[in-house]
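The terms are defined as they come up.

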Amino acid sequence: MTAPPIDVAERLERLAAHAPAGVIEPDSVWTHGRRRQRGRLAAALAAVVAVGLLGTTATPLLLERVQRVEPADSAQPMVLPDVVRQPGSWESAFPSVPGRLSAVGIGTRSGLWSDRNAFWGVSATTGESRFLDLPDALELGQVAVSHDGSRVAYWIATTADADALGQAGESAMLADGVAVLDLETGERDVWTIESDHGLWTGGLAWAGDVLWWSAGPAQAREDGALTARTRTHTWDLGTDEREDATSPAGRRVSANGVGDAPGGFVEQGRSGQVEVVIGDRDPRTLRLELPAGAPDEAGTVHAALSTDGARLAALLMPDASIYDSTPKPVVVGAVAGTRVALRQVDDAVAGTVLGWRSPTEVVVAGLDEVEEGRPQRVHRAWALDVVSGARTDLTEFSGSTPQVAADAWTAEVVPAPDAPFAPDPRVVGAGGILALVFCISLWRDLRRRRGHA
């Protein structure tokens, strides 16, 4: 059956009868449509940008609230995690009062526009790693953690005219003084010394409540070399007594780090000697006797005194004038008055001596070969029994090696907490943008299909 013919004229008359009254300007209709389309596009772009910025800026704040670390309880015993982990670059920081820390190191923290060097720490009671905010700290400056992890000392970045030193001051570690942060109370004390161009930094070391630090005003010679006459100062945090300990020609605290002693530290002295500083007592000198058969040019490095003060351990250098990163023999000797007769601990070698775990176990570290599918090298610390030569693994370092509080080496080893989820917020923002663009495209596609239905 065929459809009846359509009267075109009648159809046009019906359409004309329902047409809106007045004259329609085609140009105005086109302009209105284009303006509406641009408005929709601008709104969509604004929504995309807003979602990206929201995801980028809100992610770190949200993670900081969700992954907040409670301050370490001073009543709880200190623990040592089996992995001392450097935080990921996007992880959050400790609160302003983190509580005791078992270790403090320097790593890299990411920002939206650039990366920067930042300090990080390890909680003494949970083993969790987080970044650590040290106000006015000198970037890449040395830090010193007290033996119980309750205080940290660090260099204050200089505000003096360091540019006047020219090229000599570009790579120099210049400071205005030192600061001590009480990790349990959040109180911060500073000791600054006026100088024209800042202080050339030496070393920091704790002896009980007394902080030893070496520094001197920086000066540039005519040839551009940087010079400084460093002087060692002592600061008793218990009484706030501050004084110059030695003259510029006297004892100094090494900028390369010092060894542990019970309630103090060990400083490498003149050839064949070490200086032991414990609490507020006067330093004493120990003369080292090298093992039989050691070369005349041999020496020691990285000395540390045992927890009972009866033994001293160090690494034996075949040539004291040359130091390299190859493992060195571990030597140990009993302290007899002012002399220590050293002997080699079997065939044990290490990269450094870190402290003591017990009166007979010295903590050493180095690169260790492990087998997990293929050979790889891991920076690991272990306890070496100086009597039997037995070795007990303690922890490994994931990232740069931090300074570990002396009491942490004697603490119980526990499994390290898992690293928190800390994605790159820029990736989160980009993912939000892609998701929104997909949703807008899907909505437009569904709208077009509904219009054709």
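## Terms and basis

Buried means under 20% relative accessible area, exposed means over 50%, and partly exposed lies in between (1.4 Å probe, protein chains only). The model is predicted: local features need pLDDT of at least 70, side-chain atom pairs count only at pLDDT 80 or more, and totals for chains, interfaces and linings use all residues. Residues are numbered from 1 along each chain as its sequence is written, and side-chain values use heavy atoms, with hydrogens and water left out.

## Salt bridges

The structure holds 11 salt bridges (a side-chain nitrogen of Lys or Arg within 4 Å of a carboxyl oxygen of Asp or Glu). One of them joins Asp 133 to Arg 109, with 3.8 Å between the closest N and O atoms. The partners sit 24 residues apart: Asp 133 in the loop between strand 5 (129–132) and strand 6, Arg 109 in strand 3 (residues 101–110). Strands here are DSSP runs of E, at least two residues, numbered from the N terminus. Asp 133 counts as exposed, because its relative accessibility is 51%. Arg 109 counts as buried, at 16%.

Arg 85 and Glu 91 also pair, at 2.7 Å from N to O. Arg 85 is buried at 14%, and Glu 91 is buried at 5%. Asp 393 and Arg 391 form a salt bridge at 3.3 Å. Shared partners join Arg 380, Arg 391, Asp 393 and Glu 396 into one network.

## Strand 7 and its neighbours

Six of the seven residues of strand 7 (residues 151–157) are buried, so the strand is largely enclosed by the rest of the structure. Strand 7 pairs antiparallel with strand 6 (residues 143–145) over three bridges; pairing requires that DSSP finds at least two bridges between the strands. Ala 153 is the bridge partner of Ala 144. Five residues lie between the strands of this hairpin, where Gly 149 takes a positive phi near 75°.

Strand 8 (residues 174–182) runs antiparallel to strand 7, joined by seven bridges. Tyr 154 stands opposite Ala 179 in strand 8.

## Nonpolar cores

A nonpolar core is a set of buried Ala, Val, Leu, Ile, Met, Phe, Trp, Tyr and Cys residues joined through side-chain atoms within 4.5 Å. The largest has 20 residues; Ala 381, Leu 394, Phe 397 and Trp 409 touch the most other members. Strand 4 (115–123), strand 25 (361–372), strand 26 (374–385) and strand 27 (391–398) each give two or more residues. Strand 4 gives the most, with three.

A second, separate core has 17 residues, including Val 301, Ala 348, Leu 384 and Val 386.

Methods. Helix = DSSP H or I, 4+ residues; strand = E, 2+ residues; numbered from the N terminus.
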